[in-house]
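Here's a walk through a metal site and the protein around it, with the cut-offs spelled out as we go. Have a look at the model first.

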Amino acid sequence: MADKLSSKAASVDRESKIVDPTRGVPEPKYEWRGLTNEWDVRVIPGPHGLRLGDVNVGSYGEVPDYWEDQTRRPRGSVGRPGIPPLPYSLRSKHELWADCSADLYEEAIQRRWIPATEVPWDSLQTLPDDVEKAVCQMCTELSQCANTELEIITYWQDRMSYGYFEVKQYLATATFDCARQLEALRKRALSNGGGLGIESRGRVNRIILESSGGWTEAVVYLYLLRGTYITRLLTGLLSAAHNEAEAFIYSHMLEDHARHLTYGYDHLKYASTHKDDASLIMQTLLAVGEAHMAAELKEGVVGSAMAIIFGGGIKGARTFGMERYLLLVRDFITDYLTICRELGIDREKTLHPVFKKYLEG
Amino acid sequence: MSEATEMPREHELDTSWMDNMAEWGVSAKPGKRGLTLADIQVGSYGELPKVSDNMTGRPRGSTARPEAYRVGAYQVHTLSEIWLENAEYLYEEALQRQWSSATDIPWHTLKPLPDDVEEAECLLCTFFNEVEFVAGDVPARWIARTTPDYLEARNVLSAQVMDEARHMDVFRKRALANGGGLMRMSGATSGFVGSIDLARDFTEMSTRLHISGEGAVLTMFRMGELFGQNDAEKTMYRLCAQDEARHVAFGVMHLRCLSETAPERREEIECYLDEAEDQLMAGQQNPAGRQSESSEALAVLLGGGIEHYDEGHKKLLVIRRRQLKEYMKRVISAGFADRFENGRSPVPAQYAATA
Ligand SMILES: [Fe+2]
Ligand SMILES: [Fe+2]
């Protein structure tokens with residue numbers, strides 16, 4: 001195909017294209033004509049439009065295990081020698097890949113939401129002071145979690161090679177999701193007679209942010225450990241939502257978060273099946289991470305706030321509110337162990353004693 | 001069942017945090033545009049520190065804990081370094097104007113094009129598939145480096161990262177949807193000094209990215225009616241232009257804010273603009289520039305085929321002229337009009353030569 005196109009280009013009458021040099025207009029050289037690795041590609045939109053995964057056809061869909069190129073050469077396009085490299089340091093597929101990335105990217109776009117105009121803010125009603133404080137404290141905590149997620153994704157994003165652009169694009173949606181969560185939570189905290197609470201001590205945020213050895217390591221802490229817990233928190237908050245505004249926010253955050261976890265778990269699966277000692281590294285990281293998570297759980301601010309929300313106030317928090325929160329933590333640890341098992345990470349035998357205690361009830 | 005088992009267990013509850021809430025009694029109310037970021041700038045929550053001491057990642061206005069870990073080594077922690085007046089507005093607009101390249105482009109209007117035209121379109125799409133995400137990679141990096149106290153500016157950049165992902169994607173889809181394919185990369189954004197990627201200061205980066213780079217692309221996208229061959233392409237350029245206008249506005253508003261709040265940096269900014277202006281027409285990053293292969297492709301598209309190259313080229317000059325004019329308008333709006341009057345900038349002369 002390339003030859004056919006070049007010969008067409010050569011047949012152009014170049015002599016007739018002399019242009020005024022004072023305008024800086026060179027005679028067209030058409031050097032670019034015919035320069036393609038694969039031509040005649042015609043992807044037809046399906047019932048859901050023209051999706052990112054649809055255009056992964058022929059050589060354009062080939063995703064190599066290692067991406068040498070440190071430029072922004074689009075996958076499948078013709079390279080150009082002599083381009084100074086950019087600092088793309090994640091160049092192995094196992095360092096970032098998840099098969100679901102292209103689908104998650106499109107899903108995120110279809111499921112976008114707008115806190116300003118779609119949350120039914122007029123459904124907010126004055127809550128008892130202790131309950132409002134608990135809701136606002138949870139908004140503060142979850143904001144800090146979203147902020148950590150935003151900062152760790154954006155730290156890694158520009159180090160990811162162009163060859164794996166689907167992941168970069170999916171992570172762009174996750175970046176936007178995090179920004180929107182920061183926005184929505186802040187709006188909720190500041191719109192019902194409350195305010196923000198006290199910042200988290202940041203034990204788990206710290207282990208996530210300090211995971212600068214590799215993106216996979218950050219994903220272990222961000223999604224497998226803390227993300228699994230956040231799903232349970234959001235599910236709990238949704239079930240105890242005080243009004244339609246809260247229900248809208250929590251349910252949409254859950255949808256966003258479900259995509260993030262899908263990527264996270266899927267990536268860890270890919271890493272553990274494509275790199276020899278990946279599962280062992282994850283196991284080591286989790287042994288350390290569980291201790292930090294356990295310490296954070298014991299600090300009790302989130303537990304106390306969730307118990308107040310579940311118990312409808314401080315009084316109920318001391319009894320059934322806290323019982324319900326403890327069940328939530330037990331469910332989280334059960335989920336966590338199930339996913340570890342699916343990923344081939346052995347955590348049951350050496351599970352942190354505090355985790356074991358929660359599990360036993 | 002014994003009475004004891006029916007009694008609910010009493011748990012200890014630490015409620016000390018309840019005495020440490022931040023400013024209390026805040027009730028922001030939605031306005032005509034819903035509950036916007038501007039609406040929640042109430043009380044201390046709307047106060048922006050000129051220098052942020054937030055090194056722990058807490059939300060602005062929340063109560064600080066003395067024992068919190070100092071995990072945020074934020075390079076950008078001075079307001080003038082990143083701030084702009086209308087950040088809340090730009091962010092809310094970005095949310096309202098998101099679109100989907102899968103479903104909002106009338107792909108069915110693509111019809112087979114003559115080979116030269118399809119090739120020209122595919123070269124342009126290859127160029128954009130390559131360079132669009134420079135504006136995703138780079139702002140992303142700066143989000144991670146900026147204190148969360150400047151949430152509104154960071155959120156605008158997050159929206160930009162999202163927009164650019166969609167731009168990268170829409171051009172890839174176009175290249176692979178109409179009997180063509182990707183072509184040769186340009187190498188326009190690569191690792192050399194003076195490139196958008198390697199700037200070590202936010203404003204330097206923003207000047208190159210938002211003002212000159214995206215500014216030139218915005219003008220071009222706005223003229224997509226002239227070179228789009230069908231409704232799908234015209235829609236693609238129109239929607240991208242809408243997004244780019246916000247990105248460019250960020251740069252202009254930031255520069256204006258910086259020049260007002262940190263006048264000691266004006267001369268440094270003038271130097272960035274000197275560099276940018278050298279590259280405006282001569283650099284590879286402007287797809288309509290003199291050195292770009294893509295400008296040949298653009299002339300083919302504008303003319304409707306290689307046999308009408310001359311005609312296409314005349315229209316290309318119109319695009320370049322408008323790029324220069326709009327560039328000057330933006331820089332004037334940012335507060336740097338002097339350079340066009342005191343002879344420092346080559347742009348007025350370039351503009352006059354295109355008349
Ligand atoms: Fe763009
Ligand atoms: Fe842009």
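Start with the iron ion (ligand 2): its protein donors are B:Glu164 (OE), B:Glu214 (OE), B:Glu244 (OE) and B:His247 (ND1), and they lie 1.9 to 2.2 Å from it. Donors here are N, O and S atoms within 2.8 Å of the metal (3.2 Å for Na, K and Ca), and since water is not among the atoms, sites may look incomplete. This is a predicted model, where local features need pLDDT of at least 70, side-chain atom pairs count only at pLDDT 80 or more, and totals for chains, interfaces and linings use all residues. As for bookkeeping, residues are numbered from 1 along each chain as its sequence is written, chains are lettered from A and ligands numbered from 1 in the order in which they are written, and side-chain values use heavy atoms, with hydrogens and water left out.

What makes the arrangement around the iron ion (ligand 2) irregular? The four donor atoms subtend angles of 88 to 160°, so the arrangement gets that label. For reference, four donors count as tetrahedral if all angles lie between 85 and 135 degrees; four count as square planar and six as octahedral if opposite donors are over 155 degrees apart and all others between 65 and 115; anything else is irregular. In sequence, the donor residues of this ion are spaced E-x49-E-x29-E-x2-H. The pair B:Glu214, in helix 7 (residues 202-222) of chain B, and B:Glu244, in helix 9 of chain B, links distant parts of the chain, 30 residues apart. Helices (H or I, at least four residues) and strands (E, at least two) are DSSP runs, numbered from the N terminus.

B:Glu214 counts as buried because its relative accessibility is 5%, and B:Glu244 counts as buried because its value is 1%. Buried means under 20% relative accessible area, exposed over 50%, and partly exposed in between (1.4 Å probe, protein chains only).

## Its partner ion

The iron ion (ligand 1) takes B:Glu132 (OE), B:Glu164 (OE), B:His167 (ND1) and B:Glu244 (OE) as protein donors, lying 1.9 to 2.2 Å away. Its four donor atoms subtend angles of 84 to 138°, which makes this arrangement irregular. B:Glu164 bridges the iron ion (ligand 1) and the iron ion (ligand 2), which sit 3.1 Å apart. B:Glu164 in helix 6 (residues 151-175) of chain B and B:Glu244 in helix 9 (residues 231-261) of chain B are 80 residues apart, so this pair also links distant parts of the chain. B:Glu164 is buried, as is B:Glu244.

## Where chain B meets chain A

On the interface side, 121 residues of chain B are in contact (heavy atoms within 4.5 Å) with 124 residues of chain A. About 10,500 Å² is buried between the two chains, with carbon and sulfur atoms giving 60%; that is the accessible area (1.4 Å probe) that two parts lose on being put together, summed over both.

The rule finds 10 salt bridges across the interface of chain B and chain A, each a side-chain nitrogen of Lys or Arg within 4 Å of a carboxyl oxygen of Asp or Glu. One salt bridge joins the side chains of B:Glu119 and A:Arg33 (2.6 Å, N to O).

## The fold of chain B

Chain B has 14 helices and zero strands. Its C-alpha trace spans about 95 × 60 × 40 Å along the principal axes. Of its 355 residues, 65% count as buried.
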